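Thanks for asking me to look through this one with you.

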Amino acid sequence: MAVAIIMEFDGSTLEQYDEINKKMGLAPGGPGPEGSISHWATATDNGFQVTDVWASREQFDAFARDTMGPLSMELGFAAPPKMTFLDVHNYFTPNTTV
C-alpha cells in the first residue's frame, strides 16, 4: 500500500536539502529513487518540510535507513526529522501528454 510521509526538518536549511539531493544524484524535476512516487519540499519558519509518497513503507524505510539518514548526518542536519506517516487512498501519476 502506498504511504505518504511528511518530514519536518527543524533547524536545517534548504541549502542542506539541495546538497543531500546532489549527493544522491537527484535533480529538480527529475526521477526519484526506486519506489518514490512523488516528492516536494518547501521552506518553513523553522527549517524545511518534505512531503513524499512512496509505493510502500518498507521501500521508504530502507531508503531512509541506507541513504537519507547517513547523508543527513554527514551534512550536519540539526536533528532527525519529525515524521508523520499516512496511508494513501489515491494518487495521480504525471501527465505525460503535456
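Predicted model: local features only at pLDDT ≥ 70, side-chain atom pairs only at ≥ 80, totals over all residues.

1. Let us start with how β1 and β3 meet. These two strands pair in the antiparallel sense, with 8 bridges between them.

2. Strand β1 covers residues 3–10, and its pairing with β4 is antiparallel over 6 bridges. Valine 3 stands opposite aspartate 87 in β4, and isoleucine 6 has threonine 84 of β4 as its bridge partner.

3. Next comes a hairpin. How many residues lie between β2 and β3? The hairpin that these strands form has 2 residues between them. Strand β2 takes in residues 36–44 and strand β3 residues 47–54; they run antiparallel and are joined by 8 bridges. Within this pairing, alanine 43 stands opposite phenylalanine 48 of β3.

4. The 4 strands make an open sheet whose order is β2-β3-β1-β4, with antiparallel pairing. Which strands sit at the edges? They are β2 and β4 (82–87), each of which pairs on one side only. From one strand to the next, the twist averages 15 degrees. Helix α1, made of residues 14–24, packs on this sheet and touches β2 and β3. The direction of α1 makes about 155 degrees with that of β2.

5. Why is the pair of phenylalanine 9 and phenylalanine 48 called stacked? The ring centres are 4.6 Å apart and the planes are at 10 degrees, so the pair counts as stacked, given that planes under 30 degrees apart fall in that class. This pair also links distant parts of the chain, since phenylalanine 9 belongs to strand β1 and phenylalanine 48 to strand β3, 39 residues apart.

6. On to the largest pocket, which holds about 540 Å³ of space. Its lining consists of 29 residues, and Tyr17, Asn21, Leu26, Ala27 and His39 are the ones that lie nearest its centre. The elements giving two or more residues to this lining are β1, α1, β2, β3 and α2 (57–74). Sorted by class, the lining of the largest pocket has 19 nonpolar, 7 polar and 3 charged residues.

7. Finally, visit the second largest pocket, with about 160 Å³ of space. Which element gives the most to its lining? That is α2, with 5 residues. Among the residues that line this pocket are Phe9, Ala64, Met68, Phe77, Pro80, Pro81 and Met83. By class, the lining of the second largest pocket has 10 nonpolar and 2 polar residues, and no charged ones.

Methods
Residues numbered from 1 in each chain as written. Heavy atoms only, no water. Pairing = 2+ DSSP bridges. Axes fitted to C-alpha atoms, helices over the stretch in contact; angles between N-to-C directions. Contact = heavy atoms within 4.5 Å. 1 Å grid on protein atoms, 1.4 Å probe; cavity = no way out; pocket = protein on both sides within 12 Å on 5 of 7 lines; lining within 4 Å. Points joined across faces, edges and corners; volume = space filled by probe spheres on them. Nonpolar A, V, L, I, M, F, W, Y, C, P; charged D, E, K, R; others polar. Phe/Tyr/Trp six-rings, centres within 6.5 Å; stacked < 30°, edge-to-face > 60°.
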